[in-house]
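Dear colleague,

Please find the structure below, together with its sequence. My notes on helix packing and strand pairing follow.

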Amino acid sequence: MMPCAVILTAIPVEYKAVRAHLSDLQEETHPEGTIYERGNFSSNGGSWQVGIVEMGAGIAEAAVETKRAIDYFQPNVILFVGVAGGLKDVKLGDVVAATKVYGYESGKVVETFQPRPNVSQVSYPLEQRAKAEARKEEWLERIQGSSSDLEPEAWVGAIAAGDKVVASTHSEVYQQLRQNYGDALAVEMESHGVLKALRANPEINALIIRGISDLIEDKSNADDAGFQKIAARHASAFAFQILAKLDINKLTEERQPSESERKICSASEKVQKGASFRDVKVTDSHGSTFSIGNTTQN
C-alpha cells in the first residue's frame with residue numbers, strides 16, 4: 001500500500017503552494033462536511049498519497065481539523081506547511097523547520113503576565129531529516145514560480161505560536177516573545193494546536209515547516225509585496241524535499257524495547273504469575289535506578 005502523508009495549511013495561499021506539487025488530484029468530503037483533496041507525489045523512486053487540508057487560522061481550529069484529518073486519512077506522516085513572521089536571524093523568504101513549538105499564551109496574569117511555557121516537540125526522525133536537508137541546497141530546485149532575486153536559507157529551530165497576529169516590534173506580545181522565548185526564530189498561529197492534537201497519535205511522525213513572509217514590522221507592506229505567496233512556495237518546496245527523502249519503512253519499523261523496558265515487562269510477568277519478590281531494581285537509559293515490586297502475591 002502506498003504510504004500516506006497529510007499536509008495541513010491554514011490559508012488559501014499556503015494550500016495552493018502545496019497543491020502545485022501534486023498530480024492526479026481528487027476532491028473528497030469528510031462525513032462531517034470538510035472538503036479535502038488527495039493527490040500523488042513521486043520522487044526518488046518512491047510515491048506518496050498526499051491529503052491536503054485547509055484548516056483556517058488559530059490554535060483551536062488547527063487542533064480540531066488535525067484530529068479530523070488523522071481520523072479520515074490515517075496518515076503515516078503529517079506536515080504543517082505555511083507562513084510565519086520572523087523573530088530573529090531569518091530574512092524574508094527563508095524557511096524554518098521547527099524543533100519545538102512554544103505555546104506562548106500559556107501563563108498566569110497578576111500585576112504582570114507570568115508565562116508558563118507550554119512546549120510541544122516535533123518527531124525526532126523528521127527533525128533530523130530537516131537538519132540534513134537544511135545543510136544542502138537540493139530543496140531549492142523544488143521552488144515553483146518566480147521568487148525574485150531571493151536566496152532563501154533553511155533553518156531548524158524553535159517556533160512560537162499563539163492566537164494573535166503580531167504586527168509590531170513595539171507591541172507587548174513581541175516584547176514578551178523576545179524576553180521569554182529568545183530562541184524562537186518565528187511566530188505564527190496554528191502549529192501548537194497541530195502538535196497538541198497529535199499527542200494521542202505518537203505513531204504519526206510530524207514536522208512544522210514555515211516560510212518567512214514578514215519580519216513583524218511593516219507586515220502589511222511585506223504582504224502587499226507578495227511575500228506570503230513567496231514564503232508559502234519556499235515552505236512547500238522544503239516540505240516536499242523532506243517527503244522525497246523519507247524512508248517510510250524505517251519510519252514504521254516496530255520499535256524494539258530497551259533493556260530497562262524488558263526488565264519492567266519481566267517483573268510484571270512475575271507478578272501476574274503469582275511470584276513473590278521484593279525490590280526488583282531497574283536502571284533506565286539515563287542511568288536512573290528505581291524499584292518495582294516490594295510486593296508479595298500468594
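Does H2 pass H5 in a right-handed or a left-handed crossing? The crossing of H2 past H5 is right-handed, a crossing being right-handed if the near helix is turned clockwise from the far one by less than a right angle, and left-handed if anticlockwise.

Please note that this is a predicted model, in which local features need pLDDT of at least 70 and side-chain atom pairs count only at pLDDT 80 or more, while totals for chains, interfaces and linings use all residues. Residues are numbered from 1 along each chain as its sequence is written, and side-chain values use heavy atoms, with hydrogens and water left out. Helices (H or I, at least four residues) and strands (E, at least two) are DSSP runs, numbered from the N terminus.

Helix pairs

Helix H2 covers residues 59-73 and helix H5 residues 191-198; their axes come within 7 Å and cross at roughly 40°. H2 is therefore oblique to H5 (angles under 35 degrees count as roughly parallel, over 145 as roughly antiparallel, 65 to 115 as roughly perpendicular and the rest as oblique). Axes here are lines fitted to C-alpha atoms, for helices over the stretch in contact, with angles from 0 to 180 degrees between N-to-C directions. On the H2 side, the contact (heavy atoms within 4.5 Å) is made by Ile59, Ala62, Ala63, Thr66, Lys67 and Ile70, and on the H5 side by His192, Gly193, Val194, Ala197 and Leu198. By class, these residues are 7 nonpolar, 3 polar and 1 charged (Ala, Val, Leu, Ile, Met, Phe, Trp, Tyr, Cys and Pro count as nonpolar, Asp, Glu, Lys and Arg as charged, and the others, Gly among them, as polar).

The loop between H5 and strand E12 (205-214) holds Ala200. Ala200 counts as exposed because its relative accessibility is 65% (buried is under 20% relative accessible area, exposed over 50%, partly exposed in between, with a 1.4 Å probe and protein chains only). Its C-alpha atom is separated by 9.4 Å from that of Lys67, 133 residues apart along the chain.

Helix H1 (residues 12-19) and helix H7 (residues 227-245) have axes that come within 8 Å and cross at roughly 40°. H1 is thus oblique to H7, and passes H7 in a right-handed crossing.

Strand pairing

In strand E10 (residues 154-161), 6 of the 8 residues are buried. E10 pairs (at least two DSSP bridges) in the parallel sense with strand E6 (residues 95-103) over 7 bridges, and Ala97 stands opposite Val156 in E10. E10 also pairs in the parallel sense with strand E11 (residues 184-188), over 4 bridges.

With kind regards
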